[in-house]
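Below are some notes for a reader who is opening this entry for the first time. Please keep the structure in view while going through the points.

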Amino acid sequence: MFGIQSVKRCQQIWWPALLWKPFQFLRNFTLGASKWKEASSGQHVEYDQRPDIFRGTIRYASVHAHLGRTGSRRDDLESLAYTLIFLLKGRLPWQGYQGDNKSFLVCKKKMATSAELLCCFCPLPFKHFLETVTNMKFDEEPNYAKLISLFDSLIEPCTSSRPIRIDGALKVGQKRGRLAVNLEEDEQPKKKVRLGSPATQWISVYNARRPMKQRYHYNVADARLQQHIQKGNEDGLYISSVASSTNLWALIMDAGTGFSSQVYELSPVFLHKDWIMAYWEKNYYISSISGGTNGSSLVVMSRGTSYTQQSYKVSESFPYKWINKKWKEGFHVTSMTTAGNRWGVVMSRNSGYSDQVVELDFLYPSEGIHRRWESGYRITSTAATPDQAAFILSIPKRKLMDETQETLRTSAFPSNHVKEKWAKNLYIASICYGRTVS
């Protein structure tokens with residue numbers, strides 16, 4: 001732990017030395033902190049996310065490290081950025097958190113703190129450095145020369161005759177040459193992934209299906225649920241997905257569920273245990289769930305599913321450890337929802353999936369989802385709180401005829417887009433409302 005005197009000492013002695021040979025420091029720091037290349041093959045390590053695993057120092061760890069993602073060079077550079085800012089300012093905004101959820105709170109604060117705010121009273125290169133490294137992709141090669149040259153304006157030219165190592169070459173009695181890197185304004189990061197202001201959106205997921213009838217209702221008050229559901233049932237439609245926004249419900253009903261009958265309960269209790277267990281006894285299984293911000297829930301149970309056993313968990317945080325335990329017992333996640341900051345996750349045996357992974361983030365995890373798609377996974381469940389969004393991605397046991405899947409994020413229910421998707425034989429497979437942008 002650094003005291004204020006240690007900070008001042010570092011600023012006076014260690015800090016100028018760091019700026020004097022930044023390239024050597026960056027290479028030692030990044031290559032020595034995380035294993036980013038497989039020794040046997042020379043290939044970049046594979047991407048993964050295990051939200052129950054954290055390696056590093058909470059104060060300086062990258063956001064990806066907090067979320068359990070495989071570390072790479074971008075994470076070492078983000079940690080370096082926090083270290084440099086700490087040495088310059090003597091404190092970081094997320095210091096002082098205590099308790100079992102300290103890592104979660106620190107990660108949330110890091111996501112909510114913009115580079116501009118974190119680097120206030122710092123020279124401008126610190127802000128540019130932080131923006132650059134937090135916008136890097138998982139396997140992106142850092143442009144060390146560009147990163148180092150950001151700080152050139154802060155370093156006084158050296159006129160001494162002591163040996164100086166520049167880019168691996170030993171030169172004597174030579175002024176430190178500036179790196180020939182073009183830092184035009186349009187090279188600065190255009191995409192700001194952390195702006196500090198939370199916002200919520202609808203997240204809708206679309207799967208390619210054979211032409212079928214699908215219907216949606218949104219902004220449905222409690223009193224009108226029965227009317228919409230009864231009319232859909234009369235037309236041969238069953239509920240395939242439900243969601244909630246500001247205590248109004250969204251229903252997706254279609255003719256492709258394969259269900260033979262369906263029941264539902266709208267309850268002020270979040271996932272009413274007695275009601276669920278009573279219908280388990282009648283061979284109904286939970287097929288979709290949604291929680292309201294006031295703690296209420298809409299639970300839909302159906303006959304005609306492939307499930308043979310179910311279990312569910314209500315938790316104050318995303319229950320990854322429980323999910324991982326149930327995976328080992330042959331269960332897979334088949335439904336998820338949230339109510340405020342509480343999570344509800346349903347897992348089933350004989351789900352039709354051979355493998356599952358989780359993408360959990362404080363933002364929409366675009367890079368992770370695309371990497372999973374490339375590996376053959378498809379989103380099968382979604383849920384979001386005001387803080388986080390979670391996606392379950394699965395590999396089906398039976399190969400799909402058309403594996404096309406798309407996601408859409410909209411501030412309002414995507415009624416203007418659904419019909420366009422239908423024209424392409426893309427149908428809503430999952431929908432939720434919650435935190436997806438910053």
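1. Buried means under 20% relative accessible area, exposed over 50%, and partly exposed in between, with a 1.4 Å probe and protein chains only. C122, with a relative accessible area of 13%, is buried. C432 is buried too, at 6% relative accessibility.

2. The model is predicted: local features need pLDDT of at least 70, side-chain atom pairs count only at pLDDT 80 or more, and totals for chains, interfaces and linings use all residues. Residues are numbered from 1 along each chain as its sequence is written, and side-chain values use heavy atoms, leaving out hydrogens and water.

3. Taking a disulfide as a pair of cysteine sulfur atoms within 2.5 Å, the count is zero. C122 is in no disulfide, and the nearest cysteine sulfur, that of C119, lies 5.2 Å away.

4. An open sheet is formed by three strands in the order β4-β6-β5, with antiparallel pairing. Strands (E, at least two residues) and helices (H or I, at least four) are DSSP runs numbered from the N terminus; two strands pair if DSSP finds at least two bridges between them. The edge strands, each pairing on one side only, are β4 (214-220) and β5 (238-245). Seven bridges join β5 to β6 (residues 248-254) in the antiparallel sense, and S241 stands opposite I252 in β6.

5. T410 is found in strand β16 (residues 405-410) and is buried, with a relative accessible area of 11%. Leaving aside residues up to four places away in sequence, T410 touches Q201, W202 and H417, where contact means heavy atoms within 4.5 Å.
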